Amino acid sequence: MRRFDRRCRVRLARPRPSPQSKLGAFVGQLLPNGLEVEHLRVRFEVKLSLASTPNVATVTISNLAPASRAMVTELPQVMSLEAGHAGYLRRLFAGDVFYGASKPMGADYETTIQAHEGGRAFAFATLNQAFASGTTAITALQAAAAAMGLSVPRRVALRPELARQFTNGITLAGKASDQLSLLLEPFGLGWSVQDGELQILDEAGVAPGEAIRIDQAAGMIGSPDVAPPSKPGKKPTITVRCLLLPEAKPGGLVDIVSRTVTGLHRLRDITHTGDTHGEDWTTAMEVTAL
């Protein structure tokens with residue numbers, strides 16, 4: 001595979017403070033007026049999942065200038081990562097830096113940055129609010145999401161079961177992320193943050209959007225691996241690898257065409273791995289059949 005036209009852009013910037021949450025209005029947002037790295041060697045691993053814990057990225061940059069290495073250690077910072085090929089970059093990740101450090105490697109320096117998507121909101125956003133009798137579940141959900149700087153998707157807000165009222169009211173106190181889980185669990189719904197937006201799905205639900213076709217022509221590497229179900233009655237887990245595919249998002253759909261596996265599948269866990277000067281430039285996806 002050709003490496004000469006690979007492109008990767010890393011941006012670092014201070015988050016803008018938000019008067020409402022004090023956390024910074026930066027979830028999923030690209031910020032100007034910061035450090036931008038595009039022509040150095042960059043290695044990355046981005047792990048995305050449907051879990052209600054932050055997606056995480058680890059980025060290693062070779063030979064940053066001294067002033068840039070110093071900037072990495074000044075928290076809070078928000079980092080975005082884009083990757084692709086010449087003339088076509090797509091965002092893989094944007095989130096809060098929780099670790100940044102540099103170390104000498106021979107005559108060079110390597111700077112490693114680790115970040116969580118919406119990490120400070122997960123860690124520090126709180127909600128302490130009492131809701132009166134007759135309050136609907138969606139009203140409480142919207143309050144918990146807003147505390148994290150997020151919005152409940154319209155198609156979720158219109159779900160009829162979320163119009164259910166709390167007969168005796170409800171008090172939400174503690175981390176906003178915990179309150180979201182508490183409110184959604186009775187309805188069989190789970191949540192995650194994907195590409196800066198709140199995603200709420202049931203166990204078999206899929207996110208809006210067209211299915212991504214995965215076949216040899218689209219860059220599939222080898223054949224999909226099929227693992228036995230983790231529990232009786234569960235569907236087998238299928239792992240498929242392809243050339244870097246920034247469009248793949250947990251909860252989305254892929255249409256797999258191969259000798260062993262075909263048809264529509266739901267994306268669960270995704271790992272993007274890349275090295276602008278090495279062999280890695282791939283996406284590994286765990287999927288389940290619909």
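Biologist: How many salt bridges does the structure hold?

Modeller: This is a predicted model, and side-chain atom pairs count only at pLDDT 80 or more. Side chains of opposite charge can pair when their charged atoms come close. For the structure, the number of salt bridges is eleven.

Biologist: Which parts of the chain does the pair of glutamate 38 and arginine 9 tie together?

Modeller: The two side chains meet in a salt bridge, at 3.4 Å from N to O. Glutamate 38 sits in the loop between β2 (35-37) and β3, and arginine 9 sits in strand β1 (residues 6-13), so the pair ties together parts 29 residues apart in sequence: that loop and strand β1.

Biologist: Is arginine 9 buried or exposed?

Modeller: Buried means under 20% relative accessible area. Arginine 9 has a relative accessible area of 16%, so arginine 9 is buried.

Biologist: How many residues apart in sequence are the parts tied together by arginine 9 and glutamate 82?

Modeller: The side chains of arginine 9 and glutamate 82 form a salt bridge of 3.2 Å, N to O. Glutamate 82 is buried, at 8% relative accessibility. Arginine 9 belongs to strand β1 and glutamate 82 to strand β5 (residues 78-85), so the separation in sequence is 73 residues.

Biologist: Is glutamate 203, the salt-bridge partner of lysine 234, buried or exposed?

Modeller: The side chains of lysine 234 and glutamate 203 meet at 2.9 Å, N to O. Lysine 234 lies in the loop between β13 (220-227) and β14 (237-243), and glutamate 203 in the loop between β11 (197-202) and β12 (212-214). Lysine 234 is partly exposed at 40%. Glutamate 203 has a relative accessible area of 61%, and over 50% counts as exposed, so glutamate 203 is exposed.

Biologist: Which strand gives the most to the lining of the largest cavity?

Modeller: The largest cavity has a volume of about 60 Å³. Its lining includes Arg91, Leu92, Phe93 and Ala94. With four residues, the top contributor is strand β6 (residues 88-105).

Biologist: Which element has the lowest mean pLDDT?

Modeller: The protein chain averages a pLDDT of 90, and 92% of the residues score at least 70. Among the elements, strand β3 (residues 42-48) has the highest mean, 98, while the lowest, 88, belongs to helix α2 (residues 119-124).

How values were computed: Residues numbered from 1 in each chain as written. Heavy atoms only, no water. 1 Å grid on protein atoms, 1.4 Å probe; cavity = no way out; pocket = protein on both sides within 12 Å on 5 of 7 lines; lining within 4 Å. Points joined across faces, edges and corners; volume = space filled by probe spheres on them. Helix = DSSP H or I, 4+ residues; strand = E, 2+ residues; numbered from the N terminus. pLDDT = per-residue confidence, 0-100. Salt bridge = Lys/Arg side-chain N within 4 Å of Asp/Glu carboxyl O. Buried < 20%, exposed > 50% of the residue type's maximum accessible area, 1.4 Å probe, protein only.
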